[in-house]
Amino acid sequence: MTHPALVLFLALFGLYSPVAALASYLPIVRPYGGGQVTRLAIGLAVNVAVFVLAALWVGEPLLKLLGISTAALTATGGIALAYAAIPLMRGKAGAVEELEKLQEQERLQEDAPPPGPPPDPKTILFTPLSFPLTVGGTTFAFGVAASAEASTVRDKLALSIAALCFAAVTGLTLYLSGHVQRRISLKGAMLLDRVAGILLTAIAVILLANGFTDLVTARLGQ
């Protein structure tokens, strides 16, 4: 359980939280059919793989060039994650509100003509599916931090395999959301939101604590 590649995968998996991500995908994939959702899932996995691999191989020199430490990036990611997670935990944001709006629209438009075709899936693949719903600054920070601990090319290759496995998890989660959204009730979505919010808030607290601790330690070391 201490292998760097396994640690990276578990860290990314915990940060991503498939339960939370699945709930956030529900209102987005709702207008699309099974084939379109499959293509979105493949595209998302490719985007995530490229993002995390870039963090592993070129992230550290890029951050040094910009003068940003991984500790600062981790702490900032914790703040951003808490900002998004606390409303989820309170049931004030996320898939529930979107589902409520969609259900209300359906009630009001029962006798209206059918809606037009959904937007081209390519227009939502990068934003918001890839960014910020799936990866962000904290994901990048995790990749950079893992890369900094890798002493050989072999270690980085192992980390790259972990990154590809994580990308596959994100694509599978999006694919499953296309099936779940056809069956889930509003109460089920609310439960998913609250559970995801609790998990993400706990992760945000850990990121904040680790990031600020590393910042203080680095300052004292100077």
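Is S17 buried or exposed? S17 is buried, because its relative accessible area is 6%; buried denotes under 20% relative accessible area, exposed over 50%, and partly exposed the range in between, with a 1.4 Å probe and protein chains only. The model is predicted, so that local features need pLDDT of at least 70 and side-chain atom pairs count only at pLDDT 80 or more, while totals for chains, interfaces and linings use all residues. Residues are numbered from 1 along each chain as its sequence is written, and side-chain values use heavy atoms, with hydrogens and water left out.

S17 belongs to the loop between α1 (4-16) and α2 (18-29). Helices here are DSSP runs of H or I with at least four residues, numbered from the N terminus. The backbone of S17 has a phi near 55 degrees, a positive value in a residue other than glycine. Most residues other than glycine have a negative phi, and most peptide bonds are trans.

Helix α8 (residues 153-180) contains T173. T173 counts as buried because its relative accessibility is 6%. Apart from neighbours within four places in sequence, T173 is in contact (heavy atoms within 4.5 Å) with Y16, P18, A21, L22 and Y25.

Two helix pairs may now be considered. α1 packs with helix α7 (residues 137-149) at an angle of about 170 degrees, their axes being 10 Å apart. Such axes are lines fitted to C-alpha atoms, for helices over the stretch in contact, and angles run from 0 to 180 degrees between N-to-C directions. α1 and α7 are therefore roughly antiparallel, given that angles under 35 degrees count as roughly parallel, over 145 as roughly antiparallel, 65 to 115 as roughly perpendicular and the rest as oblique. On the α1 side, L8, A11, L12 and L15 meet T138, T139, F142, G143 and A146 of α7. This contact has 6 nonpolar, 3 polar and no charged residues, where Ala, Val, Leu, Ile, Met, Phe, Trp, Tyr, Cys and Pro count as nonpolar, Asp, Glu, Lys and Arg as charged, and the others, Gly among them, as polar.

In the second pair, the axes of helix α3 (residues 34-66) and α6 come within 10 Å and cross at roughly 60 degrees, which means that α3 is oblique to α6. From α3, the contact involves L40, G43, L44 and N47, and from α6, I124, L125, F126, L129 and S130. By class, these residues divide into 6 nonpolar, 3 polar and no charged.
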